[in-house]
Amino acid sequence: MRPKAKERTGSILSNYKAFGIAAYQGEEVTGAILGFTDPYENEDFFFVSGLFVIPEWKRKGIGKALIHSLENKLKEKGIHL
(Lines give C-alpha, C1' and ligand atoms only; values in the text may rest on other atoms or scores of the structure.)
Protein backbone atom coordinates (compact mmCIF):
# COMPACT_ATOMS: atom_id res chain seq x y z
CA MET A 1 0.00 0.00 0.00
CA ARG A 2 1.29 3.46 -0.83
CA PRO A 3 2.28 5.63 2.17
CA LYS A 4 -0.46 8.24 1.64
CA ALA A 5 -3.11 5.56 1.07
CA LYS A 6 -2.03 3.84 4.28
CA GLU A 7 -2.14 7.17 6.14
CA ARG A 8 -5.62 7.99 4.79
CA THR A 9 -6.96 4.54 5.64
CA GLY A 10 -5.57 4.82 9.18
CA SER A 11 -7.10 8.27 9.56
CA ILE A 12 -10.56 7.08 8.49
CA LEU A 13 -10.45 3.95 10.64
CA SER A 14 -9.45 5.94 13.73
CA ASN A 15 -12.92 7.52 13.83
CA TYR A 16 -15.72 6.41 16.17
CA LYS A 17 -17.06 2.95 15.27
CA ALA A 18 -15.24 3.05 11.95
CA PHE A 19 -14.86 0.01 9.75
CA GLY A 20 -14.22 -1.00 6.20
CA ILE A 21 -15.03 -3.78 3.80
CA ALA A 22 -12.49 -4.94 1.23
CA ALA A 23 -12.94 -6.85 -2.02
CA TYR A 24 -10.32 -9.42 -2.96
CA GLN A 25 -9.29 -11.38 -6.02
CA GLY A 26 -7.19 -14.11 -4.50
CA GLU A 27 -4.90 -12.25 -2.10
CA GLU A 28 -5.04 -8.98 -4.04
CA VAL A 29 -7.25 -6.14 -2.73
CA THR A 30 -9.32 -4.95 -5.67
CA GLY A 31 -11.36 -2.33 -3.82
CA ALA A 32 -12.70 -1.17 -0.47
CA ILE A 33 -15.28 1.01 1.23
CA LEU A 34 -14.48 2.78 4.52
CA GLY A 35 -16.41 4.99 6.87
CA PHE A 36 -17.49 5.78 10.40
CA THR A 37 -20.56 6.06 12.60
CA ASP A 38 -21.88 9.44 13.69
CA PRO A 39 -24.12 8.96 16.76
CA TYR A 40 -27.24 11.02 17.26
CA GLU A 41 -29.84 10.94 20.04
CA ASN A 42 -32.40 8.73 18.31
CA GLU A 43 -30.34 6.94 15.67
CA ASP A 44 -26.85 6.65 14.25
CA PHE A 45 -25.69 7.72 10.81
CA PHE A 46 -22.88 6.11 8.82
CA PHE A 47 -20.66 8.29 6.66
CA VAL A 48 -18.73 6.75 3.78
CA SER A 49 -15.33 8.42 3.78
CA GLY A 50 -13.80 6.46 0.97
CA LEU A 51 -14.71 4.04 -1.80
CA PHE A 52 -12.15 2.84 -4.28
CA VAL A 53 -11.67 0.18 -6.91
CA ILE A 54 -8.23 -0.50 -8.38
CA PRO A 55 -8.29 0.84 -11.98
CA GLU A 56 -7.83 -2.51 -13.71
CA TRP A 57 -10.80 -3.90 -11.73
CA LYS A 58 -13.25 -1.08 -12.51
CA ARG A 59 -16.52 -1.75 -14.35
CA LYS A 60 -16.70 -5.31 -13.04
CA GLY A 61 -19.35 -4.77 -10.34
CA ILE A 62 -16.92 -4.47 -7.42
CA GLY A 63 -18.14 -1.01 -6.34
CA LYS A 64 -21.78 -2.16 -6.38
CA ALA A 65 -20.89 -5.29 -4.42
CA LEU A 66 -19.04 -3.22 -1.81
CA ILE A 67 -22.02 -0.88 -1.38
CA HIS A 68 -24.40 -3.85 -1.11
CA SER A 69 -22.15 -5.49 1.51
CA LEU A 70 -22.00 -2.22 3.45
CA GLU A 71 -25.79 -1.89 3.39
CA ASN A 72 -26.14 -5.43 4.80
CA LYS A 73 -23.55 -4.79 7.51
CA LEU A 74 -25.26 -1.56 8.54
CA LYS A 75 -28.65 -3.29 8.74
CA GLU A 76 -27.07 -5.88 11.08
CA LYS A 77 -25.84 -3.01 13.25
CA GLY A 78 -29.24 -1.27 13.23
CA ILE A 79 -27.99 1.71 11.23
CA HIS A 80 -30.42 2.69 8.48
CA LEU A 81 -29.06 6.07 7.34
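A residue is called buried when its relative accessible area is under 20%, exposed when the value is over 50%, and partly exposed in between, with a 1.4 Å probe and only protein chains considered. By this criterion, 23% of the 81 residues of the protein count as buried. The model described here is predicted, and for that reason local features are reported only at pLDDT of at least 70 and side-chain atom pairs only at pLDDT 80 or more, whereas totals for chains, interfaces and linings use all residues. Residues are numbered from 1 along each chain as its sequence is written, and side-chain values rest on heavy atoms, with hydrogens and water left out.

The protein contains two helices and three strands, where helices (H or I, at least four residues) and strands (E, at least two) are DSSP runs numbered from the N terminus. Along the sequence these elements follow the pattern α-β-β-β-α. The C-alpha trace spans about 40 × 25 × 20 Å along its principal axes. The protein exposes about 6100 Å², of which carbon and sulfur atoms supply 52%; accessible areas come from the Shrake-Rupley method with a 1.4 Å probe, and for residues only the protein chains shown count as cover. With contact taken as heavy atoms within 4.5 Å, 38% of the contacts between residues at least 6 apart in sequence join residues at least 24 apart.

Strands β1 and β2 pair in the antiparallel sense over seven bridges, pairing being assigned if DSSP finds at least two bridges between two strands. Within this arrangement G20 stands opposite L34 of β2. The hairpin of β1 and β2 has two residues between the strands, and in this hairpin G26 takes a positive phi near 65 degrees.

On the surface, Y24, V29 and F52 form a nonpolar patch with about 280 Å² of accessible area together. F52, placed in strand β3, is partly exposed because its relative accessible area is 36%.

Several residues of the loops were also examined. K17, in the loop between α1 (3-13) and β1 (19-25), has a phi near 50 degrees, a positive value in a residue other than glycine. R59, in the loop between β3 and α2 (62-76), likewise has a positive phi, of about 65 degrees, although R59 is not a glycine; at 87% relative accessibility, R59 counts as exposed. E41 lies in the loop between β2 (28-39) and β3 (44-53) and counts as exposed because its relative accessibility is 79%. Although E41 and I62 are 21 residues apart in sequence, their C-alpha atoms are 34 Å apart in space.

Terms used. Patches are made of residues with over 30% relative accessible area and no salt bridge: like charges are joined within 9 Å, nonpolar side chains (Val, Leu, Ile, Met, Phe, Trp, Tyr) within 5 Å. A salt bridge is a side-chain nitrogen of Lys or Arg within 4 Å of a carboxyl oxygen of Asp or Glu.
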